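Hello,

Here is the structure I promised to pass on to you.

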Amino acid sequence: MKTDLHICHLYSDLLNLYGDRGNILALIYRAGLRGIDVRVTSLTIGEEFDGDHYDIVFFGGGQDAEQNIIRRDLVRNKGDAVKAAIEKGKIFLCVCGGYQMMGKYYEEFDGNRIECLAALDVYTVAQKKRLIGNTVYRSDLSEKSAAQGCFEPGKLYGFENHSGRTFLGDGVKPLAKVLTGAGNNGEDGTEGAVYRGVYCTYSHGSLLPKNPAMTDVLLEKAMKQRFGDDYQLAPVSCEIENIARRQRETCKKGLTNP
Amino acid sequence: MKSMRTGTALAAAGAIRFVLRFLGKGATTLPGKIALRISPSFLEEVSRGQNVIMVTGTNGKTTTTHMITEILRKAGYSVGTNVSGANLASGLATTFAEHTEKARRATKKGIPIAYVLETDEAAFAVTAGKINPHVCVVTNLFRDQLDRFGELLYTRSCIEKGLDATGAKILLNADDSMISALRIGREERTEFFGLDEGHMSRNNVTNAEEQGVLSASSDAEYCLKCKKKFEYSARSFGHFGVYFCPSCGDKRQEPNYSAYLSGRTDPSTSGSPMFLTHGDETVETTLSIPGTHNVYNSAAAVGACRIFGREVGDGNLSLSFCAEALSSVRPAFGRTEKISVGNKSFCILLVKNPVGLDRALTHVSEAVDTGGLYLLLNSNIADGTDVSWIWDVDFESRKYPEKTYVSGERFAEMLLRLVYSRAAPKNIRHEEMKRSEALFEEALAACPEGKCLYVLPNYTAMLSLRKYLVRRFHLKNYWK
Ligand SMILES: [Zn+2]
């Protein structure tokens, strides 16, 4: 049976700064290994969002100036439809700025609060010092996945670059525990957030390419949405990804720059 | 008059340079670092009354600086320049210190002196006011080293700060909306360079449809002022083009200095016919360093020399003179350098940010002589520790040679990028950085006769490979 998967790339023309599209390329690649074709639709400001069209929604990060334009559009024009899609259990992957905008508010340096979508029970407070560096997290999310022979599947490798500190409310769970790096806020040892099918992280760029087990979890969940809970993703090896996972340099020290 | 401190600083810098050279080391930053420590006002004093052109921006600094230098040398100037890309304050100070003695001798003979300084954007903010040049050239603004600068607009604010610290004439890239907007409030001292509109591609406002799955990234799709999406009537590459904001009416300025290549040419051949225009005058020359980005660099270099000539009253720097001088410029350090080995050759293209890698992959895809591709990725401080930018580059819609190789400290990330593109060949050979030289030899040996191995390293990977190649092929050392 030839199947296809539909990914929505939110604001791809504005949020394209930190290699976040690597995550979509990973979904396309590993879906392709199973004979699943992936279609990607870019949605930008002023365009209507209809969650029923999509299996996975990707929402990346960008620069502050651009995020301000987006926030308005998200909250006013797409907000209700996005929230409805979340309640239906659609899969979302939100990175950095996208993560923050799904939360309740973003508090600027001067204490000014910017209202966000409030789809997730999290909030973010800006701080001057940017948290930048390679990261390693522990997560049980991907321990049982169709990624066969994944080197240390319980570890996620990433790269963070953010000045916002995010704190989780009662309604959400962290995505992972920080082993190296700062994570959500540099204080409580948590990284990212999960609520229903929404997966949020501060890890930019090549999060999914470096974490094939997580890619497969998202793919399988998306396919279950479409074809029912019995659907199982065919096991596929991660030989190439393991080269990156084994290379110590890719996960060396989480640097913090001024 | 120079102060005693600066005199001492000059002497110290000279002595350090002598020792480093004696030890066979490049002396591109240390003498200047010491000089600045001895005399904090070193740059102000040594640059006072001098003829100076500063070049800043994300990409093309080195080549533009190199082109300006060659034109001025042909025009009879004794030029001090930081050829090796030592472009922080310490590198600029080294350049002045190094050239002092030559300048003294030249002055005696009545030879004019000029300094052409490639300047890092953050360093530009703090040095432009001290050096107070005649001309500032701003090449472009692309994402680069975001782990260092944080955001693009921060980089832009550095350039802005530098421009406001001087009364210098300003030459801006007309096709780059973010750079062109720097004219505002500085109109009376600003001119523009750009690509000839008639020779840009039409109607490719976004490449989304052509590229199948994902649109390529662009750095400036929206108007800085009113956040509305630009409309383009023509585009060259990246976010460069003839843009128009439907909201505030901001638009691409007509360039005072423009250039274009005639016809479609194979990027691997140098010497394509190029036309340069200033006002009503158009002259023909050849582009000796291939690539559209070098057409921009040429227009910038010619514009800078023309403005400089006007400012210092040098009538020799005419459009035809500059064009003629440009035709014999050889590539700068690591920028499309082609080195012959028997019947084959290798060519180094430095790739330090997304647009650089995009241009290099275009070159490798289009060149008819491609006989191999060797990518090297490091992540030292000078490279930027974040390598995720490679995921923003379009690897998907490229043609790859059958033989493709990867190395560098982050070779695995590059390997993944190639594999995930689903366009690269199977069986990509990969080795760790410590085996990168052996892999180069393997790649060169496998390159067919008459073909060229294209080597695409990022900054520190290039420095290390270059060191090996200098020994292996007896190349000229770059700091000479
Ligand atoms: Zn506007």
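At what angle do the axes of H10(B) and helix H11 (residues 319–326) of chain B cross? They come within 10 Å and cross at roughly 135 degrees, where axes are lines fitted to C-alpha atoms, for helices over the stretch in contact, and angles run from 0 to 180 degrees between N-to-C directions. Helices (H or I, at least four residues) and strands (E, at least two) are DSSP runs, numbered from the N terminus.

A word on the basis: this is a predicted model, in which local features need pLDDT of at least 70 and side-chain atom pairs count only at pLDDT 80 or more, while totals for chains, interfaces and linings use all residues. Residues are numbered from 1 along each chain as its sequence is written, chains are lettered from A and ligands numbered from 1 in the order in which they are written, and side-chain values use heavy atoms, with hydrogens and water left out.

Back to the helix pair: H10(B) and H11(B) are therefore oblique to each other (under 35 degrees is roughly parallel, over 145 roughly antiparallel, 65 to 115 roughly perpendicular, and the rest oblique). On the H10(B) side, the contact (heavy atoms within 4.5 Å) is made by B:Ser298, B:Val302, B:Cys305 and B:Arg306, and on the H11(B) side by B:Leu319, B:Cys322 and B:Leu326.

In chain B, B:Lys169 pairs with B:Glu311 at 3.9 Å, N to O. This pair links distant parts of the chain, with B:Lys169 in strand S5 (residues 169–173) and B:Glu311 in helix H10 (residues 292–312), 142 residues apart.

Another salt bridge joins B:Arg186 and B:Glu160 (3.3 Å, N to O). B:Arg186 lies in the loop between helix H9 (177–180) and strand S6 (190–195) and B:Glu160 in helix H8 (residues 152–164), so the pair ties together parts of chain B that are 26 residues apart in sequence. B:Arg186 is buried, at 5% relative accessible area, whereas B:Glu160 is partly exposed at 26%; buried means under 20%, exposed over 50%, and partly exposed in between (1.4 Å probe, protein chains only).

In chain A, A:Lys78 and A:Asp73 form a salt bridge with their closest N and O atoms 2.4 Å apart, and both residues are buried.

Best wishes

Definitions and conventions: A salt bridge is a side-chain nitrogen of Lys or Arg within 4 Å of a carboxyl oxygen of Asp or Glu.
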